[in-house]
Amino acid sequence: MSTLLPRPDQPLVAHGSHASFTRAEARELARRQNAEIARGIVSATRLQALGMVANVGMQSAALLYRQAELLSGGDPELRLQLNTIAGQYTGGVGFELAQFSLSA
């Protein structure tokens, strides 16, 4: 089992950087690692937001189509008009999902 604290007779070595790196190289490496971590966090957050918009959009569009069916009461003309409204909403959801891919 290794000790967590260095012993006084051992030299202090910065953990996380290889001994062959200079101090400037180690700082540059840490800066680039932080940039990649930040880029990964942003990408994961965008993906989660895209999934949330898709999920809510699909569920609400399905509810609109179901409600159009119920409200039409068998009248084909009214059903067509209500389905058109639901279709426009679905197109808006699709547009919002396309905006995510354009902003990436």
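Gly57, Ser60, Ala61, Ala68 and Ser72 are the buried residues of helix 1 to look at here, where buried means under 20% relative accessible area, exposed means over 50% and partly exposed lies in between, with a 1.4 Å probe and protein chains only. Helix 2 (76-103) is part of what covers them. Helices here are DSSP runs of H or I with at least four residues, numbered from the N terminus.

This is a predicted model, in which local features need pLDDT of at least 70 and side-chain atom pairs count only at pLDDT 80 or more, while totals for chains, interfaces and linings use all residues. Residues are numbered from 1 along each chain as its sequence is written, and side-chain values use heavy atoms, with hydrogens and water left out.

**The two helices**

The expected span in the table is 1.5 Å times one less than the number of residues in the helix.

| Helix | Residues in helix | Span between end C-alpha atoms | Expected span |
|---|---|---|---|
| Helix 1 | 50 residues | 73 Å | 74 Å |

The axes of helix 1 and helix 2 come within 8 Å and cross at roughly 175°; each axis is a line fitted to C-alpha atoms over the stretch in contact, and angles run from 0 to 180 degrees between N-to-C directions. Helix 1 and helix 2 are therefore roughly antiparallel, a term for angles over 145 degrees. The residues of their contact comprise 16 nonpolar, seven polar and four charged ones. Here Ala, Val, Leu, Ile, Met, Phe, Trp, Tyr, Cys and Pro count as nonpolar, Asp, Glu, Lys and Arg as charged, and the others, Gly among them, as polar.

On the helix 2 side, Leu82, Ala86 and Val93 are buried, and the buried residues of helix 2 pack against helix 1.

Let us start with Ser72, which is buried at a relative accessible area of 5%. Setting aside neighbours within four places in sequence, Ser72 is in contact with Leu78, Arg79 and Leu82, contact being heavy atoms within 4.5 Å. Just after helix 1 comes Gly73, with a positive phi of about 60°.

Val53 also lies in helix 1 (residues 23-72), and counts as partly exposed at 28% relative accessibility. Not counting residues up to four places away in sequence, Val53 touches Glu96, Leu97 and Phe100. Val53 and Leu97 are 44 residues apart along the chain, with 7.1 Å between their C-alpha atoms.

Key. Helix = DSSP H or I, 4+ residues; strand = E, 2+ residues; numbered from the N terminus. Parallel < 35°, antiparallel > 145°, perpendicular 65-115°, else oblique.
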